[in-house]
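I opened the model to check its charged side chains. Notes follow in the order I looked things up.

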Amino acid sequence: MIYHGNRIKLKDGVTPEQLDEALEILRETGRTVPAVTSFFIGREFGEYDWSAIFVLADLDGYWEYLIHPAHTRAERFGMPLMEKFEAFDITDDPDPAFGAKVAELQKRHVDTDPELAKLMAGLAFSTGGSAFPPAR
């Protein structure tokens, strides 16, 4: 089981309408990506404003989630609204190479999507996975 998390700090000036649409797009991702077995989107109270957790059965499902059009839509709409972004994964998979395998999926996702790579490069700060090195 994989719990894939995204932590989001919004830019100043994001309108309530933009936020509502972004949250609905995240919910739609959880509802429509077949590999997502459950999900949760909620507010944070601290360094980040919002988080989304998507539960995936395995690495095949992780890749399906990454390339699904609903997830792509969430990336395209949401990244321009973010000041800061953090992705993380929690698993009960005992494979010692699990982290490297996730990093490879993330890297392949960005490498095969030039628009996504450009959006990621535009974030003031991001962390998580090898595809998301901190921008300075």
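Entry 1: I started with E75, which is buried (under 20% relative accessible area, 1.4 Å probe, protein chains only). For charge, Lys and Arg count as positive and Asp and Glu as negative; His and the chain ends are not counted. Next I listed contacts, meaning heavy atoms within 4.5 Å. Leaving aside neighbours within four places in sequence, E75 touches P80, H109, L116 and L119.

This is a predicted model: local features need pLDDT of at least 70, side-chain atom pairs count only at pLDDT 80 or more, and totals for chains, interfaces and linings use all residues. Residues are numbered from 1 along each chain as its sequence is written, and side-chain values use heavy atoms, with hydrogens and water left out.

**Entry 2: the helix around it.** E75 sits in helix α3. Helices here are DSSP runs of H or I with at least four residues, strands are runs of E with at least two, and both are numbered from the N terminus. Helix α3 covers residues 69–78, and its buried residues are A70, H71, T72, A74, E75 and G78. They pack against α1 (16–32), α2 (59–67), β4, α4 (98–111) and α5 (114–121).

**Entry 3: salt bridges.** I counted 11 salt bridges. R76 pairs with D113 at 2.9 Å, N to O. R76 lies in helix α3 and D113 in the loop between α4 and α5, so the pair ties together parts 37 residues apart in sequence. Is D113 buried or exposed? D113 is buried, at 11% relative accessibility. R76 is partly exposed at 23%; that class lies between the buried limit and exposed, which is over 50%.

I then turned to helix α1. E24 bridges R27 at 3.8 Å and R31 at 2.3 Å. E24 and R27 are three residues apart in helix α1, which means about one helical turn between them. E24 is partly exposed at 34%, R27 at 30% and R31 at 46%.

**Entry 4: whole chain.** I logged five helices and five strands, in the order β-α-β-β-α-α-β-α-α-β. Buried residues make up 44% of the 136 residues. The C-alpha trace spans about 45 × 30 × 30 Å along its principal axes. Among contacts with a separation of 6 or more, 72% join residues 24 or more positions apart.

How values were computed:
A salt bridge is a side-chain nitrogen of Lys or Arg within 4 Å of a carboxyl oxygen of Asp or Glu.
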